[in-house]
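Dear colleague,

Please read the notes alongside the coordinates.

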Amino acid sequence: MLVGVEIQRYGLQDELQALAEALRIPVAATLLGKSVLDEKHAQYIGVYGGVYSDKEVNEFVENSDCIMIIGTIMSDVNTGMFSANLDPKMCINVSEDDFVICGRKYDRTNLQDFIHILLKQAPKITERHIPECLQQKKKTLLSLEGTAPITIAGAISLLNQKLDPNTIVVAEIGDSLFSAGIGLKTIGQGKFIGSAYYASMGFSIPATLGVQVASPSSRVVSICGDGSFQMSGMELSTIVRQKLSPIIVIFDNNGYGMQRALKPG
């Protein structure tokens, strides 16, 4: 299964987990749908999104003989700028707006009914083994020693060691979203929020404010780039005035990292 944000929007996380467990089927998520299934769950294999996802996840998903795409918005960011290589003839695509099997569209269906009926019917399928490289394992802890510079990958690895079930991560678009989206493993449902649809710069600090107000008992961690921070960093004054205490991590790479990756002009 490849699952997306509509699972969370319609409150279907528990049903999705029950379905994955009943069918014993591996589950990947899109960036926008990250953490709709607990990323520590045994059936979870990682984030899939074309060129930006891990090679092992790409190969596992794209070599499937049938892919149920559930509640997923197939946008540019979610599909790695449309680099996702999913054969329509091998896909069952179910969302609030579409129900497509092997390229053929059906009307008068909806996402909630599909999940509920499939869970009730519990069809028998051939269980697919999840290779060791995709199984959730405890990673080697990273320590900061010597004078080597801190890298984004290193910072994400360190942050991974501090996540707990009470932590909600908010990621800015750009390096922050892709590094955290692929590298972090949140604990629990709905623990990762990123601007993976409109990809609006300046999203993370106001979003952090909103998340902390909505969930005051949670430890909210915001990951933001220095360029995006300049667009809405003034919301820190509101955070201070409301006596909130999220953790804000700013990646300073002296510029707009995503723009550097694009061809000049």
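**Notes on the model**

Met201 lies in the loop that runs between strand E9 (192-194) and helix H7 (204-214), where helices (H or I, at least four residues) and strands (E, at least two) are DSSP runs numbered from the N terminus. This is a predicted model, in which local features need pLDDT of at least 70 and side-chain atom pairs count only at pLDDT 80 or more, while totals for chains, interfaces and linings use all residues. Residues are numbered from 1 along each chain as its sequence is written, and side-chain values use heavy atoms, with hydrogens and water left out.

With a relative accessibility of 36%, Met201 counts as partly exposed; here buried means under 20% relative accessible area, exposed over 50%, and partly exposed in between (1.4 Å probe, protein chains only). Together with Met231 and Tyr256, Met201 forms a nonpolar patch on the surface, and the three have about 280 Å² of accessible area together. Such patches are made of residues with over 30% relative accessible area and no salt bridge, nonpolar side chains (Val, Leu, Ile, Met, Phe, Trp, Tyr) being joined within 5 Å and like charges within 9 Å. Accessible areas come from the Shrake-Rupley method with a 1.4 Å probe, and for residues only the protein chains shown count as cover.

As for the overall fold, the protein chain has 10 helices and 11 strands. Its radius of gyration is 19 Å, close to the 18 Å that the globule rule gives for 265 residues, so the chain is as compact as a globular protein of that length; the radius is taken over C-alpha atoms, and the rule is 2.2 Å times the number of residues to the power 0.38. Buried residues make up 46% of the 265 residues.

Five salt bridges are found in a search of the whole structure, a salt bridge being a side-chain nitrogen of Lys or Arg within 4 Å of a carboxyl oxygen of Asp or Glu. One of them joins Glu39 to Lys34, with the closest N and O atoms 2.6 Å apart; Glu39 is buried at 0% relative accessibility, and Lys34 is buried as well, at 1%. Another is formed by the side chains of Asp164 and Arg219 (3.9 Å, N to O). That pair links distant parts of the chain, since Asp164 sits in the loop between helix H5 (152-160) and strand E8 (167-171) and Arg219 in strand E10 (residues 219-225), 55 residues apart.
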